Amino acid sequence: MKYDVLIIGAGIAGLYTALSLPSNLKVLVLSKDEINNCNTYRAQGGIACVWDEDDDFEIHMEDSLKAGNGKNNKKMLEIMVSEGPKNIQNLIDYGVDFDKNERGYDLTLEGGHTKRRILHYKDTTGKRVIEVLAQNAFKKNNIEIHERAMAVDITKCRNGFLTTVLDENEESMYIESDFTVIASGGIGRLYKYTTNASIASGDGITLASKAGAKLKHMDLIQFHPTGLYENSGDRFLISESVRGEGGILRNNKKEAFMHLYHEMADLAPRDVVSKSMLKEMKNSNSNYLYLDVTAKPKEYLKNRFPHIYKSCKNRKLSMEKDFIPVSPCQHYFMGGIEVDEFGSTTVENLYATGECACTEVHGNNRLASNSLLEALVFSKRVAKSIGGKHSRLGNKDKKSNTKVEARIHDDYDLKGLSYTEKKHLELSEIESLKNKVREIMQNSFFVNFNIDYAEKNIEAINELKSELNLYKNNNKNFYELVSLAEVSNIILKEKLKNARVSN
Ligand SMILES: Cc1cc2nc3c(=O)[nH]c(=O)nc-3n(C[C@H](O)[C@H](O)[C@H](O)COP(=O)(O)OP(=O)(O)OC[C@H]3O[C@@H](n4cnc5c(N)ncnc54)[C@H](O)[C@@H]3O)c2cc1C
């Protein structure tokens, strides 16, 4: 099958890129699972943007720089902040009906922001964005969306790319494209405790790296302070906007403590809050602390945070009466595939956008609600760049790449073994190996870095990575495991290197 553009990912980055491309381009969008299973769908708080007259681009930049510890790329940050409003307007035009009050859009506040600038749809902004973008994309004749289709290999060819995809029956299909956009989201599933969707196994980063693209800042991971504490690893997020609207963190003695750590107290940037919480947890030998929003009336909470309210209720917690048990968890990835201001990677005609791309706008700690904004602004730019290149390309040099298919099959012969000689991993073995990687990541690098543990255990990940070449599984779970091993190995190596330098 041949397309002008293949987009790997159907979150905000993938769908908005598809919709922003010229309508004469034939576009295929892949979603590894159902379209709702992505980080975008889980976004609660909203999208940061200079919208109010009282706000301006400089202040948004200052807040982002402060949160990012000054490590942000200022040129990229300026692009994001200044091109934000027109992209938000596009979302509104597509049909995203952000909440309003008597003065216009209801702008909320979150940690690290000094102005109210977060547009939101109740506390389910991401769900609304995906619903609206998907509805628009399904209506377009030039866009096809394949759900439950996982990209497992990208090969650069003379005329573009040949991508191997496992379809919903886990059969291989081969997609040719002139341009490929990786919009595959985050890496949360490298961890035991994460807010991320189950698709977030860093696949796009693995694919890009294997296709020769450079990666950047692979040790920049954000941990969110307030995952709802439960025994399972999947952490339901209690949005930062709960603290923005007056929620207070309390320790085990039920005392507020954040004012002891930072002038912005409970609204300090995420890295500061997460680190402070771990200290408090250590001091009291506890696995969790509390978020107290009981000063707010029930009706307000039910109306402003319906999703969080209901999710707490399902766990027998009433936000207006009970303190909510919370603990930090993996949340966001600031590193990723190196891109320029148009989302181009270091491989010609291979683009990356959204959470898998490293634009450096966040520095080493993302300011709340800047991620959806980043995805919008840079996806628009990716589409613009591809549109321009495609029209210059015309019809020349567009022959099929199908000859490469034969090579793809040979590629299974990675360790001098023929495909049939290789061993097979059972599903339960794959799951247990995934958990092993998660255990190592959790113990090595979770808010703080445990250099001794990482040094002792990185070899186990290295060995796993090599061993996986001996197996012939051609299923989605196996490729996710390959990606977990690949990405965690790169992250730990980079973190160790940087930790040794700063020691
Ligand atoms: C709980 C939660 C709350 C958040 N709240 C906010 C917020 O309020 N504001 C904010 O700005 N940010 C928020 N974030 C961060 C933000 O939601 C994400 O960074 C952003 O949505 C990422 O968008 P994306 O399109 O890059 O990735 P995603 O939305 O995760 O989409 C990734 C897509 O790639 C597909 N994919 C992955 N691998 C493959 C493969 N191998 N083959 C085919 N398809 C593949 C997936 O199926 C999916 O369609 C939140 C994140 C979480 C987890």
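**A helix pair and its surroundings**

Tutor: The model is predicted. In it, H1 passes H5 in a left-handed crossing. Two packed helices are described by the angle between their axes and the distance between the axes. Here helix H1 spans residues 12-20 and helix H5 residues 125-139; the angle is about 35 degrees, and the axes lie 10 Å apart. On the H1 side, the residues making the contact are Ile12, Leu15, Tyr16 and Leu19. H5 contributes Val129, Ile130, Leu133, Ala134, Asn136 and Ala137. Sorted by class, this contact comprises 9 nonpolar residues and 1 polar residue, with no charged ones.

A UniProt record, from an unreviewed entry, places the feature "domain: FAD-dependent oxidoreductase 2 FAD-binding" at residues 4-372.

As for the interior, in soluble globular proteins nonpolar side chains tend to be buried together. The largest nonpolar core in this model has 81 residues, and those with the most contacts inside it are Ile238, Met319, Ile324 and Ile491. Helix H15, residues 476-502, gives the most to this core, with 10 residues. Apart from this core lies another, of 59 residues, including Met61, Met76, Ala383 and Ile386. Returning to Met319, and leaving aside its neighbours within four places in sequence, its contacts are Val293, Thr294, Leu301, Phe305, Ile308, Tyr309, Cys312 and Ile324.

Conventions:
Residues numbered from 1 in each chain as written. Predicted model: local features only at pLDDT ≥ 70, side-chain atom pairs only at ≥ 80, totals over all residues. Heavy atoms only, no water. Core = buried A, V, L, I, M, F, W, Y, C linked by side-chain atoms within 4.5 Å. Buried < 20%, exposed > 50% of the residue type's maximum accessible area, 1.4 Å probe, protein only. Helix = DSSP H or I, 4+ residues; strand = E, 2+ residues; numbered from the N terminus. Contact = heavy atoms within 4.5 Å. Axes fitted to C-alpha atoms, helices over the stretch in contact; angles between N-to-C directions. Left-handed = near helix turned anticlockwise from the far one by under 90°. Nonpolar A, V, L, I, M, F, W, Y, C, P; charged D, E, K, R; others polar. UniProt positions renumbered as here; feature names shortened; annotations may be inferred.
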